[in-house]
Every structure is written in C-alpha cells, then in structure tokens.
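Subject: The structure for you to look through

Dear colleague,

I am passing on the structure we spoke about, and I would be glad if you opened it beside this message and followed along as you read.

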Amino acid sequence: MSRAWWLLLAVLLLAAALDFITGSSVHGLTGKRTLPGNLALGVEQPIHLQLHNQSDRSLTFILSDQLPAQLRGHKLPLHIQLHPDQQLETHYLVQPIRRGQAEFGQLEALVSSPWALWQKYVRLGQPQSARVYPNFLGISSLQSLSTEQTLRQLGVIQHQRRGEGLDFRQLREYRRGDSQRQVDWRASARMQKLISREYQDERDQEIIFLLDCGRRMRTHDGDLSHFDHALNAMLLSAYVAIRQGDAVGLQCFAGNQSRLPPVKGEGAINLLLNHVYDIHSGTAHSDYSAAAEQLLARQQRRALVILLTNVRDENSADLSAAVQQLSRHHLVMVASLREGSLDALLQKPIANFDDALMNCAGRDLIQRRERLLQQLRARNTILADALPRDMHTSLVESYWQLKRSGKM
C-alpha cells in the first residue's frame, strides 16, 4: 500500500514538474493599452486594451494594470482566456480623483500553466502618461451651441435687450421696440423711412481671474475640493467670455504664483486648460492685499477682475482693502464658494447639548460671513455667492449681466 502512495506522489511530482517547465516560459503574449486623449477629473472613462496570443497553446491569465495614484480603477482584475493566435479587445474603467500628470506602468498578467498548478508573472506593453484636466466635458458639450443656447444650457436667465450694446454693428430698418436714440435721422431722411443703428456688446475686453490657491480652498464639497469646483466654474465662464470675443487671463496667489496673460481666440480655452491642469491648492495663507498689488503691477489695462475664493470673516479687513485697491483701476467681482456643510449643519436635528453648540457656532459663522458680503455690496462690489456645484452658473450669469449692461 505504501508503494502505491509513493508511486502516486512521484506521478504528481512529475506532473507538477512538467507543468512548471511548460508553463514557466510564456512566449507570444502581447498587450497594448490605448489611453483617451485627455482624462477629466471625476469623470469615469474607459481604458481600452488589445491582447494577442501568438503562442501555440491556450493561455488563461489574470490581467491587471499599474495605475497612477490619482486614478481609481474599476472592473480590475480581468480574467481572460486566449486560444492560439486569438486577438481580444477589452477595457476597464478609471475615474480620476486628482488633476495632474498621470503615469501608467505596464500591464501585469499572472499566466496559468497548462494544468493550472503554477502561475507565471508577465509584464506587457509599455509605460504611458496622460494628463488629468479639470472637468472639461461641460465645455465640449457647449461647443456646437450658440451663445443663447449655451446660456440656457447653463441655466442662466437672459433678459431680452435689443441692440443696446456699445459697439456699432450695422444700420437696419426701424423695428417696433427700438428706442428713439437708436434712430439714425440722417440715414432715415436719405432712405425716406426710419433707420435704426444696431449695436453689439463690446468685444476685446479683458477678464482676469484672481485664483485663491490657499488652504481655505482645500475644503471638500462632495468628491471635489472647493479649488476644483472653482477651476470648473472658471473654465466654463472663461469659455463663454472667449466666445464673446473677450480675452481671459489668470493670476494665482497664496503659495502658487502662476500667471497667464490675457488670451483670446479659438485656441485660448485649450491654452487655459493646459495652464491650470496641474495647479493645486496648498496650505499657504491667502494674502488678498499682496495679490492685489501684484495684479496692479502687471495689469495696466482696465479689466474685469474676478476673485475666486472662499470668503470668511477672519480676513474681512484684508479682503475689503484689496477690493478697494483693485476697484480704483478695475471692475471687481468677488466669487465666493459657500460651504454646503454649514447649510447641512443648520438642517440637522438638535438631539443634545453638543448639537446645540454646533448649531449656534454654524449660525454665527454664517451671520459673520453675511455681514462681510453686505459690506462688500455697500462698496458696489459685484458678488457671485453660490454653493460650489452652482458657482459656474452664478459666474456666467454675473458676467452676462455686466456684459449686457455695458458696465464692462
């Protein structure tokens, strides 16, 4: 009986040895990864894979990928079987959680031996890189739309106004509703009928985004930080402004001193995207006065300056002084991202003394913040105050109202 067991063990060891020898050499398995042209923050996108078994035996393996730290992978690992000379196209999903340069390693495969007693570790393909941008898909969806359609898509309320801009466009026949000051009396006398001047909104104006990169912008609202929400809002409003013929520039402050002079035209939004994709908020203090001085030293031409920040009461004196300083030479808008967590705190039922203290503290913060905003309004500062997810609509609406009013 013992001889039979020893014989069986010998057979198993021989089989394992043969399986190891056969499976230890994996030739002919190739893999290629195809990345999207660009990755958008928070947007789930597919990574396509092309696999080819050029060997003379079937291959069963577990496939994974060396993902960058700023991406979350879904549907990994993949369990795949390829017959000889078979090709396969498949994919998995990634969701970027941080902007910047994303460095992919190689594909990794654990290939089973013919009898599945062993596995061979194999690397496939080549390292690759891709850029993770702010969420530009909102811009992509607007490119085929007219200005009016774009504003409706963004939820901006439009107030009808016919031919009341500041740049002369053309002469045309008088229409009911035209104001008397639009009538060109000389042309009307020559044509023997009423002729009106038609105007369009001024073009070639400059907008400078003054972007706070300090620690207050690290607050999260959902999956994104206030800084990322601010970038998304900035890009959408910049896109609308560029389509109106205006030039858009950027100056960062509070740790990051990056600057982009005003640019316009078809390639302006791509230039802006490539400039901001790897800019991040830090832990520095937000010095509004220093930022105002830097901007005034660099920006001589009158512009609309949009300060993107998270307004808090502790910096009220510095913020007010900076806005007053900028207002002497530029039109100033303060775009403040309101913290949704404070609203949620006030709606939370009070169950004990600690809840009551938190509720009172939240109300005090909101009241002090509102007092600061009222002080800014009293100085005729334009305000766009909204929750982070709604800031893009608030910014575009404020810009459009300024544009249509002729104040820019």
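This is a predicted model: local features need pLDDT of at least 70, side-chain atom pairs count only at pLDDT 80 or more; totals for chains, interfaces and linings use all residues.

The helices

On the α5 side the contact involves Ala233, Met234, Leu236, Ser237, Val240 and Ala241, while α11 contributes Met391, His392, Leu395, Val396 and Tyr399. Sorted by class, the residues in this contact between α5 and α11 are 9 nonpolar and 2 polar, with no charged ones.

The second pair consists of helix α8 (residues 316–327) and helix α10 (residues 353–378), whose axes come within 11 Å and cross at roughly 20°. That angle makes α8 roughly parallel to α10, and their crossing is right-handed. Here Ser316, Leu319, Ser320 and Val323 of α8 meet Leu372, Gln375 and Leu376 of α10. The contact of α8 with α10 holds 4 nonpolar and 3 polar residues, and again no charged ones.

The strands

Turning to the strands, you will find an open sheet of 3 strands, arranged in the order β2-β11-β8, in which the pairing is mixed. Both β2 (39–40) and β8 (100–104) stand at the edges with a single partner strand each, so one side of each has no neighbour in the sheet. Strand β11 (residues 128–133) runs parallel to β2 and is joined to β2 by 2 bridges, and within this pairing Leu39 stands opposite Val132 of β11. As background, strands of a sheet pair through backbone hydrogen bonds, and they may do so either parallel or antiparallel.

Elsewhere, strand β20 (residues 331–337) pairs with β21 in the parallel sense over 5 bridges, and Met333 can be found opposite Ile382 in β21. Is strand β21 (residues 382–386) largely enclosed by the rest of the structure, or left open? Of its 5 residues, 4 are buried, so β21 is largely enclosed by the rest of the structure.

With best wishes

Key:
Residues are numbered from 1 along each chain as its sequence is written. Side-chain values use heavy atoms; hydrogens and water are left out. Contact means heavy atoms within 4.5 Å. Ala, Val, Leu, Ile, Met, Phe, Trp, Tyr, Cys and Pro count as nonpolar, Asp, Glu, Lys and Arg as charged, and the others, Gly among them, as polar. Two strands pair if DSSP finds at least two bridges between them. Axes are lines fitted to C-alpha atoms, for helices over the stretch in contact, and angles run from 0 to 180 degrees between N-to-C directions. Angles under 35 degrees count as roughly parallel, over 145 as roughly antiparallel, 65 to 115 as roughly perpendicular and the rest as oblique. A crossing is left-handed if the near helix is turned anticlockwise from the far one by less than a right angle, and right-handed if clockwise. Buried means under 20% relative accessible area, exposed over 50%, partly exposed in between (1.4 Å probe, protein chains only).
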